[in-house]
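Please keep the structure in view while reading.

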Amino acid sequence: MTTWLLWRTAKWIGLLALGYGVGGTVRGVGETRRMAALWVLPIGVLIAFISGFGMLEHQGLGFAEPWVLASLIAGVTSASGAALHATADRSRLGAGLATGALLAAIGFMVFRDAGLWFGLGLGGLGAIAGAALATVDTPPPDVDAIHRWFKAIAVAEAGSLLFLFGIAMPAKYLAGHPELIAWTGWLHGVFFMLYVGAVGVGVLRLGWGLVDAGLGLAASMLPFGTVLFERRMTKKA
Ligand code: HEM
């Protein structure tokens, strides 16, 4: 019971951070406030997803649950919409995606028995509200600030892959302890999703071409690849 309470508390902390990230990117006026929201956003995704995974493990459930998969997809969509709105075009599309998908994710999770349509309906209403409330008349943040944001995500992705290869996999295959790999695999999965979204921001806002984007994605397969890629793009800038 205590473990469940801890995960649940962590989940709500993650959701608050996610809400601040989405709200701040959609409504934030001024570059400082919008950049603060953009930093809190991936932290919120990370905490909400890790605690979600903890709750799943605790209940002995898996990803086959449609409400889990739907929330996962909606959560990633929401974070991508928020990043799009904050960094790229200040469009109502990004803002609508961010708020709509966040509400849909909450709908899928909380009203599981109501079915997926309920979450989608809630998401539709959220999308309309988000698009209407969005702040679209302020300029996007400066390019250096976005570079620093990308770097932090690239370093986190590289670190989690290194931990997976260097500690969790040897622990499973050489020492016979498979427990660690479920957690580090999922943690790395979350960083990977965030990294893919960040490469998308690079294309939209930092002027990266499709070859650069392809290289960026390929780099995520190699230990330290994302850090090397980030250095390459900083030199090129
Ligand atoms: C942005 C995405 C997500 C949102 C907005 C979200 C939201 C929520 C909310 C509001 C709750 C109810 C918490 C409570 O009862 O106090 C919840 C519970 C839960 N979440 Fe999520 N969640 C998300 C992603 C995930 C993911 C990716 C997973 C799995 C890896 C997950 C697994 C769970 C589980 C297992 C529960 C407990 C359900 C139960 O009470 O039986 N969540 N989530």
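## Two helices side by side

At what angle do helix α6 and helix α9 pack? The model is predicted, and in it α6, residues 143-173, packs against α9, residues 225-236, at an angle of about 160 degrees. The axes of the two helices are 8 Å apart. An angle over 145 degrees counts as roughly antiparallel, so α6 is roughly antiparallel to α9.

On the α6 side, the contact is made by His 147, Phe 150, Lys 151, Ala 154, Val 155, Glu 157 and Ala 158. On the α9 side, Thr 226, Val 227, Phe 229, Glu 230 and Thr 234 take part. Sorted by class, the contact of α6 with α9 has six nonpolar, three polar and three charged residues.

By class, the contact of α8 with α9 has five nonpolar, three polar and one charged residues.

The loop between α8, residues 210-219, and α9 holds Phe 224. Phe 224 is not a glycine, although its phi is positive, at about 65 degrees. Is Phe 224 buried or partly exposed? Phe 224 counts as partly exposed because it has 15 C-beta neighbours inside 10 Å.

## Two domains

The domain assignment divides the chain into domain 1, residues 2-133, and domain 2, residues 143-236. The C-alpha centres of domain 1 and domain 2 lie 21 Å apart. Their contact takes 16 residues from domain 1 and 14 residues from domain 2.

Which elements give two or more residues to the side of domain 1 that touches domain 2? They are α2, residues 31-59, and α3, residues 66-89. The largest share of that side, nine residues, comes from α2. The residues on that side of domain 1 are 14 nonpolar, two polar and no charged.

## Around the ligand

How many residues surround the ligand? There are 19, and the closest are Gly 52, Met 55, Gly 75, Ala 105 and Met 109. At least two residues of this shell come from each of α1 (2-27), α2, α3 and α4 (92-110). Helix α2 gives the largest share of the shell, seven residues. By class, the shell has 13 nonpolar, four polar and two charged residues.

## Leu 122 in helix α5

Leu 122 lies in helix α5, residues 116-133. Is Leu 122 buried or exposed? Leu 122 counts as buried because it has 21 C-beta neighbours inside 10 Å.

Apart from its neighbours within four places in sequence, Leu 122 is in contact with Leu 103, Ala 104 and Gly 107. Ala 154, one of the α6 residues in the contact with α9, is 32 residues from Leu 122 along the chain. The C-alpha atoms of Leu 122 and Ala 154 are separated by 33 Å.

Methods: Residues are numbered from 1 along each chain as its sequence is written. This is a predicted model: local features need pLDDT of at least 70, side-chain atom pairs count only at pLDDT 80 or more; totals for chains, interfaces and linings use all residues. Axes are lines fitted to C-alpha atoms, for helices over the stretch in contact, and angles run from 0 to 180 degrees between N-to-C directions. Helices (H or I, at least four residues) and strands (E, at least two) are DSSP runs, numbered from the N terminus. Angles under 35 degrees count as roughly parallel, over 145 as roughly antiparallel, 65 to 115 as roughly perpendicular and the rest as oblique. Two residues are in contact if their C-beta atoms, placed from the backbone, lie within 7 Å. Ala, Val, Leu, Ile, Met, Phe, Trp, Tyr, Cys and Pro count as nonpolar, Asp, Glu, Lys and Arg as charged, and the others, Gly among them, as polar. Domain bounds come from an automatic or database domain assignment. A residue is near a molecule or strand if its C-beta atom, placed from the backbone, lies within 6 Å of it. A residue is buried if 20 or more other C-beta atoms lie within 10 Å of its own, exposed if 12 or fewer, and partly exposed in between; C-beta atoms are placed from the backbone.
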